[in-house]
Amino acid sequence: MVNNKKLLAWVEEVATLTKPKEIQWVDGSLEENQKLLDLMVEAGSATKLNETEKPGCYLFRSHPSDVARVEGRTYIASKKQEDAGATNNWIDSLEIKETMTKLYNGCMEGRTMYVIPFSMGPIGAPISKIGVEISDSPYVVINMRIMTRMGKVVLDQLSEDSDFIPCLHSIGSPLREGEKDVAWPCAPIESKYITHFPEERMIWSYGSGYGGNALLGKKCLALRIASAQAKDEGWMAEHMLILALTNPEGKTYYVAAAFPSACGKTNLAMMQPTIPGWSVKCVGDDIAWMRIGDDGRLYAVNPEAGFFGVAPGTSMDSNPNAMKAIQKNTIYTNVLLKDNNDVWWEEMGEDAPSHGIDWEGNEWTPASDKKGAHPNARFTAPASQCSVIDENWENPAGVPISAILFGGRRPSTIPLVNEALNWNHGVFMGSATGSETTAANIGAVGVIRRDPFAMLPFCGYNMGDYFNHWINMGEKLGDKAPKIFFVNWFRKDNSGKFIWPGFGENSRVLKYVTERIEGKNLGEETAIGILPKLGDIDVNGLGLSEATVEDLFAIDKEGWLAEITSIEEFYAKIGDRLPARLQAELDKLKDRLTDNGSCGCCGCGK
Ligand code: O2Y
Ligand code: MN
């Protein structure tokens, strides 16, 4: 029995506006899930995969215009533009409500309206938040069942007067009398809107059925709305993986790491260390909610319950633990269908099949001039299926964070690992995070895009205020604050080859991080931060010459001065809410690099 007054009134209000043919309260049961899957197979929008190879798995193909998050159609709606800030698409709250209300009018005609109660974070945990998504997409329902805790268990948490975050979603494609449905109904790009109302803690999404645009618990709630809420309530909602690293003595360190999209976050979160005796377990691969615990330390919770990972590039080499986790009960979207009803994608580490059906539903052979899978093709899989999921991944108190890593794809200048001199210097590093764009990004390839804290597309309020919130959190944490490091697995040599092997070998850097946490006499202070000395990171067996290792940590003064100019330009865009303390960090870095005409690293006089 639903007795929450706000929920009952909202469901009635939305149904009156959108005019669905029926309303279904989602209970989250196995039977309900199977019924929806069977319906979608029958309707031709899903394909059941080979039960022997991929038990319980299904393939979906989206419309070619609806294949990824649409940043250009993603808005922060607030009363004042300055509260959204220069890095967000701002829209006036009243104006967008008027526009979208017109779009929502009758938009669910001929369709079922699903009411999906969900919890971000373990049910009942102090940091968890309840949302309710109303959607006319059964694909959204089955994905939300994997990505969140949802259904009756969540509804049971709602009393008559308790609050929740309303998330309204429609694919924007009513099915009128006599009309035939299509496999992936959605609206054209110009009427897609993914709108966030951080002041009201509310989300309205229209026109897209894909990923971050439609599964509203993830980027919309757990990052954009939660980041605004976290600032007001004194906690942090971050675009970070969380991993547990255990050393040969059995001591575990929890590390949170922020990387822009397409930097291998899921791979790092589940990595297999190459160094003997060390192990990595995964708490989460994308989002961390962090609060200060009773002991004054920072504790992190993964608000999600599943992985929504990019398939192309995922292989037994790059991420064996993900590969193993997606063999059953997984939803595949936009990958290639093999003739035996199994799936394939580029860089899967398996020979391309001689024939298949590509992500657009066309015949495909290796001679085709198109890719078999879309570059943003996805798997949705339960986190509980990951064999290296950490025993504390659902601990309601979270896990204590010992280190925070920032990173990006940087072919030059930025060293393999660089430790912040102190918290505010670390906040400066996070604010200046940048990454070289790849084919996975929209726009030019090979340019450095500033993506502060990897939150550029996900911060729900003014970026200057967000930087300030980080500084405030550091003040509260004091000497209990995690150490901050900037890592770069992607530095290239003069011939354009990656210097560092990456993947499991990144465990060598993580080992160094734990040794710094333990206060071992490693590293030395330089103009840019604390860098490892030669020998501090074990590179045995990697076949790297001493000169190459030196290259990984070389301070290229010209490169750094260019970096400073680029950060200055970015800071100018943030505007007058940029904290003075970050400008001061930038100025100090410049001084350290230019003082006495020396490089500042070792008194070499260069
Ligand atoms: O393209 C989408 O809709 C999904 S984007 C995404 C999905 C999972 C984890 N991270 C991301 C991201 O863009 O950071
Ligand atoms: Mn992400």
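Modeller: A polar contact is a pair of N or O atoms within 3.5 Å. With that cut-off in mind, one may turn to Ser 261, where an N or O atom of the side chain is 2.8 Å from an oxygen atom of ligand 1. The model is a predicted one. Arg 69 also places a polar side-chain atom 2.9 Å from an oxygen atom of ligand 1, while a nitrogen atom of the ligand has a polar side-chain atom of Asp 286 at 3.3 Å. Ligand 1, taken alone, exposes 360 Å², and the protein buries 92% of that area. There are 14 residues around ligand 1, and those that come nearest are Arg 69, Gly 212, Lys 219, Ser 261 and Asn 376.

The wider arrangement is as follows. The domain assignment divides the chain into domain 1 (5–43 + 70–234), domain 2 (238–305 + 391–593) and domain 3 (307–385). Between domain 2 and domain 3, the centres, taken over C-alpha atoms, are 30 Å apart, and each of the two contributes ten residues to their contact. About 900 Å² is buried between domain 2 and domain 3, with carbon and sulfur atoms giving 59% of this area. On the side of domain 2, Asn 267, Met 270 and Gln 272 supply 48% of the area buried against domain 3, more than any other three residues. Four residue pairs are in polar contact between domain 2 and domain 3, whereas the count of salt bridges between them is zero. The side of domain 2 that touches domain 3 comprises six nonpolar, three polar and one charged residues.

Notes: Residues numbered from 1 in each chain as written. Chains lettered and ligands numbered in written order. Predicted model: local features only at pLDDT ≥ 70, side-chain atom pairs only at ≥ 80, totals over all residues. Heavy atoms only, no water. Domains from an automatic or database assignment. Contact = heavy atoms within 4.5 Å. Buried area = accessible area lost by both parts, 1.4 Å probe. Salt bridge = Lys/Arg side-chain N within 4 Å of Asp/Glu carboxyl O. Polar contact = N/O pair within 3.5 Å; in protein donor to acceptor, adjacent residues only side chain to side chain. Nonpolar A, V, L, I, M, F, W, Y, C, P; charged D, E, K, R; others polar. Near = heavy atom within 4 Å. Areas by Shrake-Rupley, 256 points an atom, 1.4 Å probe, with all protein chains shown as cover.
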